[in-house]
Structure formats: C-alpha cells, structure tokens
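Hello,

Here is the structure I promised to pass on. My notes follow below it.

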Amino acid sequence: MKILGMISGTSHDGIDVALVDFGLDGDVLTGRVLHAASTPYPDELRARLVAALPPAPVTLAEVCVLDTLIGQCFAEAAAAAAGQAGPADLIVSHGQTVFHWVEGAHARGTLQIGQPAWIAERTGAPVLSDVRIRDITAGGHGAPLVSVLDDLLLGGLLSDGHPGGTGGTGGTGGAAALNLGGISNMTVVRDGGLSAYDIGPANALVDAVVAGRGLNPRGYDEDGRIAASGQVDERLLDVLLDEPYYRLAAPKSTGKELFHLAYVEAAIARAGREPSGPDLVATLTELTVRTVAADVAAAGVDVLVVSGGGCRNPVIMDGLRAALPGVRVSLSDELGAPADDKEAIAFALIGWLTAHGLPGTVPGGTGAKAARVLGTLTPGAGPLVLPAPLPTPPRSLVLRR
C-alpha cells in the first residue's frame, strides 16, 4: 500500500513529503521510501502564517484564509509528488499546527490547518487528516506522534542488537530517538516499554531571533554559523533554564505558544542583558544542548538516534556529543529513516495503521489512557475503500530506499 505522508512542522517553513510503499511480512512491516521532498512555503504565505501565530491576536477570517491557502499548498505538494513518483493509495496530511492548547501537565486541544479537501480534489486520493486530536480526547498530549515510528524502529534495533547493522547498542540502557525540529522531542525505548515527550525548544527560539533581528534572510542559523561566531551569555542562559516547563514530569508537550520571540525578550529583560545577535543565538543554541543533554543523561540510554533540522547544525551536534560522552550519537539515516524526512515517514506509517484499523499511538508515548486509531478521512474521487482490518499491529518496521 503506497501512502504519502505530509507535514509542515513547528518551524513552519514548508511542507515535507514522503511516499512509502508498505508491505507486511509476518509480523514485520516493511517500508520502501519511494520519494521524499520538501516544498518551501511562498514567502508571502509564510510571513502571513508567522504573523498569525501566538501570541499575536488573529481573526477567524484570517484563520479561514490560511486554512485555504495552506490546504492549496499541501495539494500542490501532493500533486508534485504523484507526478514524480506515481499516485498514492492514501495521503496523510498533518497540516500546519497553529495552536496547541496545554494547561500545566494536560493538553486540552490542538489545531492544525490546511483544509484536506483541497488535497483530495487535486489528487483524487483519499486523505487522512486531523490526526492528533483523538489521542488528546483519550487523555494524551497528541504528541509526539512520531513515537509510534520510533517504537517500531528502535524496538527492532534492541531486539536485533544492532542499529542498521552498524554496531551494537553498547549497553543495556536502551535507545532514544531525538527529533530536533522547532521543538525537541524524545522517545525512549527499553525492553520494559516506551516513553516520549517534548523536551523544549530546539530551533524555535533561534529561528525567532534570527528572523526577528534580521540576522539571516532565510530565517534560520544556517549550519550554525551565527551561533559559532558568538559567545554564550551564562547569566541569560541561567534565566532561560529556569523555565518551569522543564521541571514538569513526562508526558508533556509544548510549542510556540510558549517559546516565541516575546519569550526571549522577556528573558533578556529579567537577565538585565543586551546581548549581540550572535551572542544571543549562541546562548539559545546552548539552551537546546543543555536541556536535551540533561534529559538524555537522565534517561540513561546508550544510543541516541537524531533527526530533524537541528541535526544539520554542527554546534548542536558537537555540543550533544561533548555533553554525552558515553552515548553513541548517530542520525536516523542508519535505521533507514532519512533525518530530514522522518516525520513525513511517520505520518505515512500512521496512515497505514489507520487504514488497517490499528492504533497510531503508543500510550507511553503520549500519556493517553489507551491507544487510539487516529484521524479523519476525506474521500477521494471514488468510493472510500479500506483494506481488511488487522487483528494485531506489526512487531517492528524495516525501512529501505
């Protein structure tokens, strides 16, 4: 079954897609990644989206316009993928998160926009969307949903004793998958089970400062060059590390509702500092390193498998390796999930699970009381026909290109 996974993450810079051909061999699910691509948002649309994100006030009229424009962009990205790699049996659109409602330790709601009917109309394929909310209704955080992919990939790693055939886990502490998007999240897998949660900002605050201060017209710290040219302001870093979110127990989730440019400016005021642009970026980058390294160390894992845009930042990766000398740090490419495409692959997997009547969550990954089948289906050009339900989920997943 060929499934196209699509997502625009918390960096809200564009749409990542991955077309995966899934097959079941006994209790092992196989997936061949046929196509992967990234389509940037048009500059005007991205600027309009950024202007509407919290803490900015926004009208329902603007939400409606953005829902349409983003849905049309997703539709074009899906059509382009079909033109290059052939049609999909099912398309899974995560859409664009614009608000994730969390109060303390509880998620109350979440909103992803990008009207799926545009995708169905453009491609003729059925579309699965709105994939987070069912987990929240079951008491979960609706995040990190990538933990269902991590469970199958890392579970296979632990049972086989080798990550991608390139060496052992090096101990008995288990393995963790780290995603460094706008927000950092981690999935920890051991023989005794799985846990997952959002750690804090990965690229969100750096991107906000780089764009807000005009440090790079592309809106991010390319290759960590700005951070590498600055010095960490330890006083400001201490203020940033005093964020109550870091002290909440897992499972927990967060987003740009908390971590945004105004948040940085408030921390600067509390610290009584006026850092230069490079020093501020260096400090925020070190914040990512410190918060991630602390949680990885606390988890006691032997292997850390990294994906997301932040894995292309050598300042972050070098910092993590220096802070975690006893942990083998590698990219998710070793497990067949290209680091830049892993989230899109994860949503393709969720589509396969939903199509076969299987839960798309692991309760330990989101905090839900039980696993749930995810999403809302929009029919394509023809009748909606799903495969026969499966009685049990696969034990592991093997990805290849």
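Threonine 378 counts as buried, because its relative accessibility is 18%. Buried means under 20% relative accessible area, exposed over 50%, and partly exposed in between, with a 1.4 Å probe and protein chains only. Threonine 378 sits in strand 12 (residues 376-378). Its contacts are Pro116, Ala117, Ala120, Pro126 and Val127, leaving out residues up to four places away in sequence. Contact means heavy atoms within 4.5 Å. Helices (H or I, at least four residues) and strands (E, at least two) are DSSP runs, numbered from the N terminus.

Two notes on the source. This is a predicted model, where local features need pLDDT of at least 70, side-chain atom pairs count only at pLDDT 80 or more, and totals for chains, interfaces and linings use all residues. Residues are numbered from 1 along each chain as its sequence is written, and side-chain values use heavy atoms, with hydrogens and water left out.

Next, the aromatics. The structure holds five aromatic pairs. Rings of Phe, Tyr and Trp (its six-membered ring) pair if their centres lie within 6.5 Å; planes under 30 degrees apart are stacked, over 60 edge-to-face, the rest tilted.

Phenylalanine 22 and tryptophan 352 form a tilted pair, because their planes are at 45 degrees, with ring centres 6.4 Å apart. Phenylalanine 22 is in strand 2 (residues 14-25) and tryptophan 352 in helix 12 (residues 342-355), so the pair ties together parts 330 residues apart in sequence. Phenylalanine 22 is buried at 5% relative accessibility. Tryptophan 352 is buried at 3%.

Phenylalanine 259 and tyrosine 263 pair edge-to-face, at 5.2 Å between centres and 75 degrees between planes. Phenylalanine 259 is buried at 1% relative accessibility; tyrosine 263 is buried at 11%. Ring pairs join Tyr245, Tyr246, Phe259 and Tyr263 into a cluster. Lysine 252 lies over the face of tyrosine 245, 4.5 Å from the ring centre. The cut-offs there: NZ of Lys or CZ of Arg within 6 Å of the ring centre and within 35 degrees of the ring normal.

Last, a helix pair. The axes of helix 10 (residues 277-299) and helix 11 (residues 314-323) come within 9 Å and cross at roughly 35 degrees. Axes are lines fitted to C-alpha atoms, for helices over the stretch in contact, with angles from 0 to 180 degrees between N-to-C directions. From helix 10, Thr285, Thr288, Val289, Val292 and Ala293 meet Val315, Ile316, Gly319, Leu320 and Ala323 of helix 11.

Best wishes
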